[in-house]
Each structure stands twice: as C-alpha cells, then as structure tokens.
Amino acid sequence: MAENCKDMALEKVKGLFPEVEVDRRIVSAVLCGSATAILVSRWVSQRRVQKKLEEAKRRRELGFQQMEKANPGVKAAPILSLPLMELTAKLRDGTMSPESVLHVYIEKALEVTRQINCVTDFLPEYEEQLREVKKPEKGLLYGVPVSIKENIACKGHPNTMGLVKYLDCPEPEDSVIVKVLKKQGAIPFLQEEYSQWGRTVLGGPQGFILPPMMFSVYMRLLNDIMANYACIDCGNTLFGQTLNPFNHKKTSGGSSGGEAALVGGGGSVIGIGTDVAASIRVPCGFCGVCGFKPTGYRLSIKGTTSPVDGMNSAINVIGPVARDMDSLVLCMKAVLCDELFHLDPTVPPLPFNDEIYCSSRPLRIGYYDGDGYFQPSPSMKRAVQETRKLLQEAGHTLIPFTPPRINFLVDELFTKGISADGCSTLVEKFNGEFVDTTWTNQLRCCKMPDLLKRFLALILMPVYPRISRHLNALTGVGSVKNCWKNNADRTAYRNEFIREWQKLKLDVVLCPALGPAFNLGYAGKLFVATTYTHLYNVLNFPAGVVPVTTVSEADEEELRHYKGHYGDPWDKRMKEAVQDSVGLPVAVQCVALPWQEELCLRFMKEVETLSLERRGRRKV
C-alpha cells in the first residue's frame, strides 16, 4: 500500500515537472518528512491541550482546598434544613449571620461535589460581597448563598462551555443576572458544571469521507444516527461526569445538571441555570427539585454564553433552580426589579405581579400524558394522571388537550431550526478539542455530508420513519430563503397552538416531564426524548417542573412491557435508560402562555401543595 502511494506521488511530480529528472528517494523523503511533520504537529497540539487540562484540574483542586478552610463555627443541620423563606427571615432579623450560613453551605457543597462531581469553580470573591451586604439596605436575598451555572459570567472566572480553548479567558465583568443577585444581597459562591457543547474530534478533518460500504461501516453510521445530535447529560473533558445525587449509577441530566445535582444534594439553597431545550427542566426532574424556565427575555441573558450565538429557533433562557416553589418565587421576585430593568433595557419592565400569583380562583387546566412522538415512561404517565386527579378534587377544571402537529414541530421547527446550517457553526466553533465520550457518536453524525444524510434517510424511511425524518432535518434549511420560511412556519405554529389553547379557554397546561433519571451513558443518545420540554422553547412559553412522586415497583414492572410508539432503536433505548429506578423522583411540567410567569408559578405551587398533602396522608 505504501509503495503504491509512493508510485502515485512520483507520477504526480513527474507530471508537474516533465523536464526534470525526479529521484524516487527524494520524493520518499519529502513524503515521510511531511507525514512526520503532521504527526508531530498533532502531538504538540494534543500535548498543549493536555497541559491545559491538567492546569485546570489543579486550579479546581486548589479551589476545593480553599473551601475546606471554611469554618462555620455553628451546627450545620439547623441551617441546611431551613427552607429559603425561613432562612432569609433569620438572616434579616440577625438570628443567623451571612458568614455562618455561607460557610455551612461551602462545607456542604464540598461534601456533595466530592460524591457527585458537580462544582467547577469556587468563587473566593464572596468575601467582598459579604462586606457589601453589611450595608444598611437589605435586599430580598440578603445573605443567601447562590450557585451559578458555569456559562453565566462571573468576573475573573472563565466561561468555558467545557472547552479547553476558553480556560485562559476570564470574564471581564459579571453577567447582568449576577449583578442583580448581588444587588439583592445574594452571595454567589460557586459555579456548577454543565455538558460540553463541542462537536468535533481533536485534529479531525471537517469533512467526512465514506469508506467502502461494508456492513460493519453501515452499522456504525446507523449507530451514529441513533445518537441524535445533542446531549442532555452533564459531563465534559475538563471536569468529568456529574452524577445523580440519589443514585450514582444515574445521570444528573443536563445541561444545568451541576445546579440541579448540587441543590438536590443539599449543597445549595438556590441556583441559577439556563434552558434552551430542556436544560433546567430535565435535570431538575431527574434530581427531584423545582426548576423554572420563564418566557424568553423576561430575564436578561447578557453575559451568558450560548453554543450558537444568533440561533433563536429555540429561545435560550435564564431561570432559577430550588428545592421548593416558595424559593423559586422569592428568587423571581428578587430579580424582577428596577436594577434588572436598568442594567438591561431590552428586558420588558414587568415587576413580579403578586395579585396574579396569590389569586385563589379555580383554574381551567389542559392536560395530556403523552405527545404522540415519544411514549412516556410508566412513571411519567402516572405522575400526570395522579396530579390531574388531585387538581380535580381541589376544585379545578381539567380538560384534555393535544398539542397540534407534534411531528412537524419536532422535525421541521425544532430540529431543522437549531440545525439550520447543518451544524457547521458548532463544528467550526469547537474544532481542536478533546471530546467527552457522551458526544462521540453525535459528532460523527454532525460531520456527515448532507448528501450522505439524505441518502441514509431514504434507506431508513421504510423501517425507521421517525429516525429518517430526524436525519433529514439535520441537513438544515439549505438557504436564507428557507430560513425565513422556517421562522414564518414557527410563528404560524405558535399562533395555531395559542388558538387551540384559547378555544378551550385554558389558563394553564399540565403535561409530562422527562424522567426518571437515565442510566449513565444514555443521555447522549436520547436528546430526542426532550420533545415534552423543547416544545415550549420553540413556542417561548414559561414552563416549570415540580417533583410529585417516585418510581414504584409497579412502574418498573410495567416498564417491562414498554414498546414505544415506533418500535425503533430510540424506543428500545428509552426503556433501557430508565430501568432500575425504583425510588427515584418523578416530576410533572406546568405551562402558561407567554409573559404569564406568575400564573405558571401559582399553578406549580398548587401542584406542589397538593402532592405534598397526598404524601403526608400516605405516611399517616
């Protein structure tokens, strides 16, 4: 083979210089030298990246050592057991000091992250904020330790997205949301892990050359396709894998998995995450905590990083993560303030409306326990059915609701919209990176030429129609004209959805939240299962999740008969992903129309109250 390559190279050179005598040995030496230079260059590049990785891990460990020095000087249990509302009351009346509360949570967060690996960075600047909060004016979050997702800027700390190239790029200033939290007296003290958004293999070519179509190669391509094109896991090559606080064989979910896991493990009383398709709601459901995604632009996203700037097919949103609904509501009240509207004039100046939140009028609630695209797990379905019954018994009106044209929404609006350029922006942006194992198959799929994707989609259509449609959508929109059409189609679908909602005179909607937590290794293969959540990013509706039950033995038994809607490999993987989950939390999702955050939160609070009362009756 090597000799053939040399002969071919020799003939090429002779063709270029017909009058010159070409020495085979010179050609061989040039070829070998070039190959060696390429290999050395790649080795040097990989070595440089490896050193940066080692340095990042060293800095992180130094941060943990600083955390170990925290000396609360008080018993931790009484502080850690307090809900946020009670904690803030004790901080404001002086019963507890911000220093003691902070040090207790630093100590607990270190304990939690040593077990499940959720913290990426310690923020020693908290000392300065402690001095600031001692001023006479006390905000709504006075003295409250707050954890921040790593892609939300904190001054002096890198916003890496799990990528080595950004390790040496500290943020010049705090994001708007962090500034507002500090203004309200909160003390940001940690940054949490989230999933890597890189999509290329180090040193890999931008193109993909199809080798001879042997059966093994075809199956490998098929496996790449089954992996989808994105990830709801929480792990990257910088910081490793985050685990579920209830079961270390399960994932925390992602991408705000570090936040959900830390709050679920008791290491933070409230955290701030981001959500572009499921990134707050999925991990919160997996980790048994409450999470809320407001309408896009109700809160400022200035200073947050998105994998693809300018993409608005699914709106990226900042939102809170907390143990209970009272905490979520207090956080929303705190950040919807004049400081927010001043720092970011693009945010509509809409303070929190207590009148709507505190209303007790009965609600008209639409509900569905399946969307027709991805069959829910038995516990997901049961959670909705039991919550529906509780709401009916409490005097609310429940009306069946079916999201219109769900296949069109998933394939044409969501998948094609976020992959409008055929994933090329992501491939270019994250080239030259070590890639986390949860992404390997997805990357190969993203790098396939559009022609190959269409060819494979054609072959798969008779056998796996859902996967075929998905693969076609991954080729993107194809032109600027089609991009405009996609935007117009999204607007038309949103109007259609709202018409169906208003025809039934609904206030809110109750529907499944993805769960229970997936077994490790599956979250990177089942992003498509987020149809229940990413629907509301496309629509730009406020939505949140509330834990209402846990997986039962009966759910596990029923799972044995799970077939899915299509009987394709995605359905098989869903069944495998949620196996062995008895005792794990399961949530429901609550949704309202745009700009009706207070109504959505009120509905979530009602669901939480009723489910807690039911659990209390069962214990009695």
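Which loop holds asparagine 540? The fifth view below gives the answer. All views show a predicted model.

**View 1. The whole chain in numbers.**
The chain has 620 residues, and 56% of them are buried. Its secondary structure comprises 24 helices and 13 strands. Of the contacts with a separation of 6 or more, 83% join residues 24 or more positions apart. The accessible surface comes to about 25,600 Å². Carbon and sulfur atoms account for 56% of that surface.

**View 2. The buried face of helix H6.**
Helix H6 spans residues 126-133. Its buried residues are Tyr126, Gln129, Leu130 and Val133. Seen down the helix axis, these residues fall within an arc of 110°, so they line one face of H6. Their cover includes helix H5 (98-116) and strand E1 (119-122). Helix H7 (176-183) and strand E3 (187-192) are also part of that cover.

**View 3. The largest pocket.**
The largest pocket holds about 600 Å³ of space. Its lining has 23 residues. Nearest the centre lie Gln129, Glu132, Lys179, Lys182 and Lys183. Gln129 is also one of the buried residues of H6. H6, H7 and E3 each supply at least two lining residues. H6 gives the most, with five. By type, the lining divides into eleven charged, seven nonpolar and five polar residues.

**View 4. The loop between E7 and E8.**
Strand E7 covers residues 290-293, and strand E8 covers 317-322. Asparagine 316 is found in the loop between them. Asparagine 316 is buried, at 14% relative accessible area, because the cut-off for buried is under 20%. Beyond residues up to four places away in sequence, asparagine 316 touches Thr274, Asp275, Val276, Ile301, Thr304 and Ser306. Tyrosine 297 lies in the loop between E7 and E8 too. Tyrosine 297 has a positive phi of about 80°, although it is not a glycine. At 42% relative accessibility, tyrosine 297 is partly exposed.

**View 5. Asparagine 540 and its loop.**
Asparagine 540 sits in the loop between H21 and strand E12 (543-550). Its phi is positive, about 60°, although it is not a glycine. Asparagine 540 counts as buried, at 11% relative accessibility.

**View 6. Two cis peptide bonds.**
Most peptide bonds are trans. The bond from glycine 254 to serine 255 is cis, with omega near 10°. Serine 255 lies in the loop between strand E5 (240-241) and helix H9 (257-264). The bond from glycine 515 to proline 516 is also cis, with omega near -5°. Proline 516 lies in the loop between strand E11 (508-512) and helix H21 (531-539).

Notes: Residues numbered from 1 in each chain as written. Predicted model: local features only at pLDDT ≥ 70, side-chain atom pairs only at ≥ 80, totals over all residues. Heavy atoms only, no water. Buried < 20%, exposed > 50% of the residue type's maximum accessible area, 1.4 Å probe, protein only. Helix = DSSP H or I, 4+ residues; strand = E, 2+ residues; numbered from the N terminus. Arc of directions from axis to C-beta. Contact = heavy atoms within 4.5 Å. 1 Å grid on protein atoms, 1.4 Å probe; cavity = no way out; pocket = protein on both sides within 12 Å on 5 of 7 lines; lining within 4 Å. Points joined across faces, edges and corners; volume = space filled by probe spheres on them. Nonpolar A, V, L, I, M, F, W, Y, C, P; charged D, E, K, R; others polar. Areas by Shrake-Rupley, 256 points an atom, 1.4 Å probe, with all protein chains shown as cover.
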